[in-house]
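This briefing goes through chain contacts and ligand surroundings, grouped by topic.

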Amino acid sequence: AEKDNADIKIGFSSKDNSDTFVAAIADAAEAEAKELGVELLMYDAGGDVNKQISDCETLLAAGVDALVVIPQSVEGSAPVVSMANDAGVPIIVDNGDIGDKNYTAFVGCTDQESGELLGKWFMEESGLEKGSKVAIIEGPMGQSGQVGRMAGFEEVGMLDYFDVVATQTANWKRDEAMALAEDWITTYGDDLKAIICENDDMGMGALSAAQAAGRDDIIIGGVDGLDDAVQAVKDGSYGVSVLQDSAGQGRVGVDVAVAAAKGEEVEPDTRIPFRPITKDNVDAYLEGGVDAISGDDAATEDTTEEKTDEAADDTAAEDTTEKEAK
Amino acid sequence: MTQKKDIGKILRQFGLVFVALFIIAFMSIKSDVFLTSQNIINILRQISINGILAVGMTFVILTGGIDLSVGSVVAITGVIVGSLLQSGTNWFLASLAALVISAICGVFNGWLISYVGFQPFIATLSTMTIGRGFAQVYSNGKPYTISDLSFKVIGQGYFLGIPVPIILLVIFCIIGLVILTMTTFGRYVFAIGGNMNAAKLSGVRTQRVQLMVYVMSSICAWMVGLILAARISSGQPTAGESYEMDAIAATAIGGTSMSGGIGSLSGTIIGFVILGLLQNSMNLMNINSFWQQIVKGLLIIIAVFLDMRTKGKKA
Amino acid sequence: MTQKKDIGKILRQFGLVFVALFIIAFMSIKSDVFLTSQNIINILRQISINGILAVGMTFVILTGGIDLSVGSVVAITGVIVGSLLQSGTNWFLASLAALVISAICGVFNGWLISYVGFQPFIATLSTMTIGRGFAQVYSNGKPYTISDLSFKVIGQGYFLGIPVPIILLVIFCIIGLVILTMTTFGRYVFAIGGNMNAAKLSGVRTQRVQLMVYVMSSICAWMVGLILAARISSGQPTAGESYEMDAIAATAIGGTSMSGGIGSLSGTIIGFVILGLLQNSMNLMNINSFWQQIVKGLLIIIAVFLDMRTKGKKA
Amino acid sequence: MGGKYILEATGIDKAFSGVTVLKGAELCIEPGELHALMGENGAGKSTLMKIIMGIYTKDAGKVVLDGKEVEFKSAREALDAGISMIHQELSPIPEMTVAENVFLGREQKKIKGLPFVDKKQLNQKTQELLVEYELDQYIKPTMKMKNLNIAQIQMMEIIKAVSYNSKVIIMDEPTSSLSEKETETLFHIIDNLRAKKVGIIYISHRMEEVFELADRVSVLRDGQFIGCMKVADASREQLINMMVGRELEGGYPTNIAKKGDVVLELKNFTRKGVFEDVNLKVRSGEILGLAGLVGAGRSEVMRALVGYDKLDSGEIYLEGKQITIKHPQDAIKHHIVMASEDRKELGLVLCRNIKENVSLQNFDKLSSASFIQKPKERKLAKEYTEKMATKMNGIDDLVSSLSGGNQQKVVLAKCLMSEPKVLIMDEPTRGIDVGAKAAIYNIMIDLAQQGIAIIMISSEMPELIGMSDRIMVMANGKVKGELEGEETASQQAIMNLAFGGNEQ
Ligand SMILES: Nc1ncnc2c1ncn2[C@@H]1O[C@H](COP(=O)(O)OP(=O)(O)OP(=O)(O)O)[C@@H](O)[C@H]1O
Ligand SMILES: Nc1ncnc2c1ncn2[C@@H]1O[C@H](COP(=O)(O)OP(=O)(O)OP(=O)(O)O)[C@@H](O)[C@H]1O
Ligand SMILES: O[C@@H]1[C@@H](O)[C@H](O)OC[C@H]1O
Ligand SMILES: [Mg+2]
Ligand SMILES: [Mg+2]
């Protein structure tokens with residue numbers, strides 16, 4: 001007997017809702033739950049793996065019908081998967097990778113892909129010469145975003161292509177990134193050609209520093225497609241923002257969870273592709289949203305191993321929940 | 001009339017306990033999950049982390065000190081155990097190795113404070129920073145995945161149907177209570193916090209006692225490091241960040257004075273139980289995490305206020 | 001021989017200053033960028049944030065208190081200013097509105113502590129939690145982008161060729177120094193921290209003074225909130241997290257006793273300059289962030305140790 | 001068995017950061033002897049004792065105990081070796097119980113060798129001590145130390161030191177916080193100790209005590225050993241001369257000031273459970289003495305008067321006009337100023353310097369628009385502390401580095417600078433040396449002549465009788481009677497009232 005949406009209770013364990021990007025996923029998830037008429041319990045681990053595990057324990061005790069997790073740590077959050085399996089509750093991993101692959105489904109991006117896209121753009125489209133001096137600002141060490149994007153830079157050979165003069169973490173934080181960028185701009189002077197950031201919040205910090213120093217020539221880019229960043233791309237001050245579809249990740253995460261809760265078969269691996277937003281497509285994006293820039297860039301898709309054509313667009317993503325497992 | 005008075009009196013005598021009972025009563029009505037054995041076990045398992053740290057922290061704070069480094073010791077323990085387990089070391093030896101390093105952190109804190117004369121805040125802040133850096137350098141910033149099943153028991157196992165972390169919490173609380181209330185060492189902890197000079201003049205070896213409380217705190221952090229690593233099946237260099245704050249909060253809510261000399265471990269126990277109950281309750285009531293902070297802050301104020309009334313302190 | 005002695009004496013008299021000079025000397029050799037005016041401006045601009053907070057924190061700690069809520073007040077200021085600017089309010093009015101709210105936070109802290117009798121740690125910890133929650137609820141967790149150019153001047157502008165945050169830092173330091181060393185209020189701050197009861201019997205309005213220092217600290221946090229929001233062109237509910245720790249560290253490194261009554265603002269100033277120099281230097285040398293923590297912790301220990309030797313304290 | 005001395009200290013030198021405090025100090029104690037150690041405030045008495053106890057390290061000299069040279073590195077070693085000490089600065093642990101305080105560091109164990117405290121025995125042993133010394137009526141072993149008044153704390157420290165059963169007991173001003181009754185108890189204790197052949201070093205500024213108790217007396221001046229003699233051979237003048245280096249007039253100056261109108265009147269002062277219905281008048285130029293046993297509530301009345309404690313009911317009239325005082329600041333504004341008996345708790349900010357302490361309550365004089373007038377501050381601080389003959393290197397010295405008596409002088413300097421109309425002096429000469437005492441008495445007379453009304457609380461009966469124009473006696477929080485003129489000369493009359501004479 002299939003459950004009614006009204007009887008379904010979905011548990012959502014987010015890693016840190018105080019992060020701009022993660023909060024957007026959470027919002028979309030809540031909106032989708034409302035839309036579908038299911039109950040959603042949204043727990044926020046505040047950046048602490050242990051709390052995430054506690055949260056999941058509580059959610060399972062509260063009798064959720066499916067569990068969605070945005071892992072705080074690839075390895076550290078892994079026990080959640082077996083906990084859910086033991087409790088016989090479907091578990092959906094959202095946004096980033098997790099160490100234990102025995103989950104019911106994954107919805108999100110391959111972080112390495114965003115690193116590859118960002119690296120490629122800097123190598124091929126930014127106009128920088130080979131061997132230019134660049135600096136990299138990283139996310140918190142050990143997080144899927146940091147590990148994956150660095151691997152992506154490596155994969156496309158960016159680390160060798162450029163002369164990487166400095167690499168530091170700014171923990172996804174705008175102000176920390178700004179201080180780093182200020183120091184580097186001073187240290188490397190005119191030689192410094194670009195600051196490559198693993199997310200847009202940090203990119204915005206670096207941009208503030210560059211602008212304050214009057215260094216409009218420094219090319220800055222990041223990941224996420226934050227509103228600020230997209231606006232900056234439009235203004236021409238920000239080179240690239242690799243769009244990660246937060247709304248899609250939140251929405252589809254809940255959709256898959258609801259389907260799983262009903263006992264339906266679900267697509268085990270939904271990878272929503274990244275889309276670089278540059279001066280070429282920013283207007284289209286601002287007008288038409290994600291759909292307007294999907295699938296317009298062949299180079300993008302080449303880099304993805306697991307290509308899911310047009311999967312990022314609304315209907316396609318919803319479809320996937322109905323599709324049978326491979 | 002008299003009955004009214006009586007109730008008032010009772011409420012006052014148990015300020016914090018009353019707050020805890022109130023939360024429990026409220027939640028049993030509001031949620032049918034709350035009183036399930038599964039949820040109770042969850043609550044206890046969740047508070048074991050902060051609880052064990054708070055036991056050590058209570059000793060430190062009673063001497064008038066503070067230990068900011070516990071979170072880093074948790075991380076150090078995690079990466080050391082993690083790396084050793086990965087290299088095939090037996091879980092017992094791996095834990096022992098981490099214990100030695102943790103104890104060294106405690107000795108370093110205690111030595112700086114009692115023999116060199118550092119302010120506890122500065123000494124343990126430095127150890128916290130150095131310790132975190134060490135954990136990250138050691139692990140190169142990457143977590144060690146732990147697959148050793150016998151080790152995982154510490155965090156995920158059961159003994160007589162009770163989760164091991166809960167048993168460890170109970171053991172640490174009991175040991176703490178015994179030391180603090182029944183031994184000379186416990187007296188000296190209070191004496192040092194109450195009047196270091198007087199204690200010294202009475203022949204108390206104040207420096208040793210001071211050193212010891214920091215070692216004890218580090219040992220608690222080590223225990224937590226093991227439980228956490230076992231619980232999350234990985235030794236993470238970022239583990240335990242800002243855990244010191246919760247441990248200090250539990251101690252302070254429990255009525256221990258930050259300037260030392262006044263307080264009790266039983267107060268601390270109620271303190272961390274209240275914090276744990278709060279967290280679990282707000283989750284069960286599905287309060288948005290932003291609101292959770294507001295509610296938590298207000299409830300801490302109310303709990304402490306009630307407790308002060310109880311004890312006839314100002315207010 | 002005598003010359004050797006003299007140098008020793010000089011070194012001792014300027015413990016912390018010496019550490020700062022050492023870092024400067026070392027870096028001028030190691031890096032040709034270090035002494036450029038651009039880098040010096042960078043350093044100053046970066047320390048303006050922690051510096052202004054530390055000025056307020058010094059007053060609080062001198063009374064024997066602590067203010068953990070400053071980071072949250074920074075965030076509250078940011079989101080209030082951000083939202084008002086977005087809705088087209090004039091930058092001055094927006095800042096004023098934030099000032100009022102910040103001051104209320106300070107009054108709340110001070111009232112809880114001096115009139116109700118809360119421990120400063122608990123009171124400001126609660127305010128910190130509530131304040132952070134408030135900032136997030138208010139903004140619904142999202143940053144407000146700031147585009148108002150006149151407002152941005154506070155963080156990004158120049159006055160007579162000097163970045164505005166640096167000028168503000170200097171103004172706050174001077175006001176702080178004047179209040180602390182030249183006015184009766186300053187004396188009351190020291191007296192309260194040294195012996196609250198004796199101060200009261202000497203006619204000091206201890207409760208008012210205590211309340212005031214928390215208000216002052218909140219005002220410093222407000223200033224930092226404005227600078228930060230203007231600097232990063234956005235009002236962020238997560239801004240200022242754990243800033244209190246750096247401010248406390250600067251104060252403690254500067255020789256102020258955490259139990260109050262002893263210390264100086266000039267010490268604090270050297271304290272935050274050292275922290276800022278360290279951060280900048282390690283960035284310039286491109287020291288890996290893991291190692292940075294280890295180096296930072298060790299240098300704090302060394303600096304404080306030298307300073308204690310200087311002042312003939314134990315050690 | 002060594003020589004005839006149980007304890008011998010010779011050639012002791014000590015300097016604190018370059019300032020010489022002791023230079024060739026010496027002292028030798030026979031078993032069963034009570035050896036008085038005298039000297040002005042800051043002469044180095046306490047420092048010498050702390051060196052013997054291993055609290056300070058000496059720069060030179062040697063200490064011989066029982067014929068063996070000793071060098072204690074901590075109080076613990078001294079205690080273990082059989083020397084205990086009653087410290088001049090009381091240091092109770094307020095939050096711990098009486099029993100825990102008394103046996104701190106040597107708790108009774110449940111099982112020998114294991115660190116488990118036998119609380120029952122601890123309390124029982126303490127109770128036995130309390131009974132033995134007749135304190136059990138007011139003090140229970142389980143009371144928190146903070147609930148004891150200062151005299152009771154002093155008694156507990158005495159009992160504690162005695163209960164070590166040491167060979168040598170050092171008593172550093174043990175009576176300075178005691179009233180007659182406790183002082184007598186102490187003297188009994190001392191008799192017992194002597195019978196047990198315990199050597200006692202007794203430091204006091206009270207001449208009478210020294211003559212009553214001591215076998216021999218040693219004198220220190222400016223850290224140097226001046227001499228040692230049998231008390232039987234010594235005269236008061238001779239001792240003073242040795243201490244001060246010059247002659248001093250003995251006795252109490254008479255207050256020849258004209259008594260004017262009533263300056264201050266208290267009506268029906270009540271603070272529930274502490275004092276009740278206290279009425280009091282004091283005229284300009286008058287010195288009013290407040291007598292009573294410890295716990296009579298004298299200090300409490302005065303603390304409430306100056307607004308430090310809350311008053312439940314009562315009225316205050318200053319120069320005939322009713323005033324309200326809600327905070328000490330109000331009192332100071334009305335020039336009603338109190339020098340507290342408890343300098344550590346209420347009198348001084350120990351971690352700050354002399355200047356700051358003196359000026360703390362006098363900024364109305366020393367500041368304009370909240371800005372401190374620093375040159376004036378220095379000048380006045382110097383003037384007033386010097387008037388009190390404070391021994392210091394300068395007004396920038398930390399108060400905590402001053403000797404006990406000199407700290408007391410700083411408290412008085414602070415109060416004098418407030419130009420009081422009514423000056424309340426709670427045990428004003430506690431711990432103050434003869435020379436300075438005389439100076440304080442003269443200052444009091446001076447002030448009286450300027451028309452100031454003085455209220456003096458003192459537990460030193462001769463001082464009270466010698467200085468007061470009128471004496472009010474309190475017991476159990478109530479005024480028991482008043483003695484004026486000739487009557488004040490009688491100690492017996494005071495004691496009669498203090499022990500519950502007829503109510504007013
Ligand atoms: N820790 C210290 N640091 C600096 N100076 C000190 C210290 N202790 C004592 N002194 C100084 O040593 C001198 C002797 O002090 P000490 O306390 O021995 O005097 P005292 O004879 O006991 O006086 P009193 O009768 O007032 O108690 C004083 O001038 C005092 O200022
Ligand atoms: N017999 C007693 N034993 C112990 N405490 C008492 C006794 N009687 C009153 N008290 C308490 O002691 C306090 C009064 O002590 P206080 O020291 O002020 O008295 P005092 O007359 O000023 O004596 P002193 O001469 O020691 O200053 C009051 O708080 C009262 O409750
Ligand atoms: O892009 C990042 C996201 O993928 C990560 O999970 O959290 C922070 C974001 O900025
Ligand atoms: Mg002395
Ligand atoms: Mg008294």
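How many residues does the contact take from chain A and from chain C? It takes 25 residues from chain A and 30 residues from chain C, where contact means heavy atoms within 4.5 Å. This is a predicted model, in which local features need pLDDT of at least 70 and side-chain atom pairs count only at pLDDT 80 or more, while totals for chains, interfaces and linings use all residues; side-chain values use heavy atoms, with hydrogens and water left out. Residues are numbered from 1 along each chain as its sequence is written, chains are lettered from A and ligands numbered from 1 in the order in which they are written.

**Chain A with chain C**

- About 2300 Å² is buried between chain A and chain C, and carbon and sulfur atoms give 44% of this area. Buried area is the accessible area (1.4 Å probe) that two parts lose on being put together, summed over both.
- Three salt bridges are found across the interface of chain A and chain C, a salt bridge being a side-chain nitrogen of Lys or Arg within 4 Å of a carboxyl oxygen of Asp or Glu.
- A:Glu182 and C:Arg231 form a salt bridge, with 2.7 Å between the closest N and O atoms.
- There are 16 residue pairs in polar contact across the interface of chain A and chain C, both residues at pLDDT 80 or more. A polar contact is a pair of N or O atoms within 3.5 Å; within protein, one must be able to donate a hydrogen and the other to accept it, and residues adjacent in sequence count only if both atoms are side-chain atoms.
- On the side of chain A that touches chain C, two or more residues each come from α1 (20–36), β7 (163–169), α7 (174–188) and α8 (200–212) of chain A. Helices (H or I, at least four residues) and strands (E, at least two) are DSSP runs, numbered from the N terminus.
- α7(A) gives the largest share of that side, 11 residues.

**Chain B with chain C**

- Chain B and chain C each bring 45 residues to their contact.
- The buried area between chain B and chain C is about 3800 Å², with 78% from carbon and sulfur atoms.
- Zero salt bridges are counted between chain B and chain C, and six residue pairs are in polar contact, both at pLDDT 80 or more.
- α5 (91–116), α6 (120–139), α11 (243–253) and α13 (289–310) of chain B each give two or more residues to the side that touches chain C. The largest share, 12 residues, is that of α13(B).

**Ligand 3**

- Oxygen atoms of ligand 3 lie 2.6 Å from a side-chain N or O atom of A:Lys15, 2.8 Å from a polar side-chain atom of A:Asn199 and 3.1 Å from one of A:Gln244.
- On its own, ligand 3 has 270 Å² of accessible area, and the protein covers 98% of that. Accessible areas come from the Shrake-Rupley method with a 1.4 Å probe; for residues, only the protein chains shown count as cover.

**Ligand 1**

- Around ligand 1 there are 20 residues, of which D:Lys45, D:Ser46, D:Thr47, D:Ser401 and D:Gly405 come nearest.
- A side-chain N or O atom of D:Thr47 is 2.5 Å from an oxygen atom of ligand 1, and a backbone N or O atom of D:Ser401 is 2.6 Å from one.
- The protein buries 84% of the 640 Å² that ligand 1 exposes when taken alone.
- α1(D) supplies the largest share of the shell around ligand 1, three residues.

Conventions
A residue is near a molecule or strand if one of its heavy atoms lies within 4 Å of it.
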